[in-house]
Amino acid sequence: MTKPPKFARLIGIFFILFALVGHAPARAQSDQYTMLEIVDAGHGFFGSTTGGLAKVVEKAFQKYGLPNGYILGQEGAGAFIAGATYGEGDLYTKNAGQHNVYWQGPSLGIDYGGAGSRVMMLVYNLPEVGSLYKRYGGVSGQAYIVAGFGMTVMESRDVLLVPIRTGVGARLGVNVGYLKLTRKPTWNPF
């Protein structure tokens, strides 16, 4: 039996290494945030008493991967069948810095009550900051009295928002609606 030529052995080693690298665990790119970075930012923003934050963030990371931005802000919302939400905050990105962002939107459904919330929105697949400012549709549900904590998913084209809210108020229901993100505040939810 003859040995294969050195060139053939080198090609075989190359393909084995390529296969091993292709199955390596996903690592954060320079413009993406790790779960630890997001949880640290959330604890700094929500306070260390929100023990459920790590579980909600872990669920988002398992389902959607690493975000390339996040928004920290506050919002007010109310509904009696039809509702409205208004909020403001700051978008944080690794490659484009920090930017003000405002959001507002209508909702319709079996939804009653009002709430004031602190919000962290994980932002996925954001190609550039200007792509953030549009409408994001989704379905939302709340059930809390005095305080609550929850996660929703909203999408517009390829950009995905995952708002994580902790709020104070009384809210019960399910609704469908959208959030319109803008550079400047407005009272028009449409």
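I looked up the lining of the second largest pocket in this predicted model, and I found Gln74, Glu75, Tyr86, Gly87, Glu88, Tyr102, Trp103, Gln104, Pro185, Thr186 and Trp187 there. On a 1 Å grid over the protein atoms alone, a pocket is an open set of points where a 1.4 Å probe fits, with protein on both sides within 12 Å along at least five of seven lines, and lining residues have an atom within 4 Å of a point. I noted a volume of about 160 Å³ for this pocket, a volume being the space filled by probe spheres set on grid points joined across faces, edges and corners.

Residues are numbered from 1 along each chain as its sequence is written. Local features need pLDDT of at least 70 and side-chain atom pairs count only at pLDDT 80 or more, while totals for chains, interfaces and linings use all residues, and side-chain values use heavy atoms, with hydrogens and water left out.

Next I asked which strand gives the most to this lining. I found that β1 does, with 5 residues, and that β1 (69–93) and β2 (97–124) each supply at least two; strands are DSSP runs of E with at least two residues, helices are runs of H or I with at least four, and both are numbered from the N terminus.

I then turned to helix α2 (residues 35–46) and helix α3 (residues 52–64), whose axes come within 10 Å and cross at roughly 145°; the axes are lines fitted to C-alpha atoms over the stretch in contact, with angles from 0 to 180 degrees between N-to-C directions. Where they meet, I listed Met35, Ile38, Val39, Gly42, His43 and Phe46 in α2, and Leu53, Ala54, Val57, Glu58 and Phe61 in α3, contact meaning heavy atoms within 4.5 Å.

A search of the whole structure gave me 5 aromatic pairs, that is, rings of Phe, Tyr and Trp (its six-membered ring) with centres within 6.5 Å, stacked if the planes are under 30 degrees apart, edge-to-face if over 60 and tilted otherwise. One of them joins tyrosine 33 and tyrosine 70 edge-to-face, at 5.0 Å centre to centre and 80° between the planes. Tyrosine 33 lies in the loop between α1 (6–22) and α2, and tyrosine 70 in strand β1, 37 residues apart.

Last, I checked glycine 109 in strand β2, whose C-alpha atom is separated by 6.2 Å from that of valine 176, 67 residues apart along the chain.
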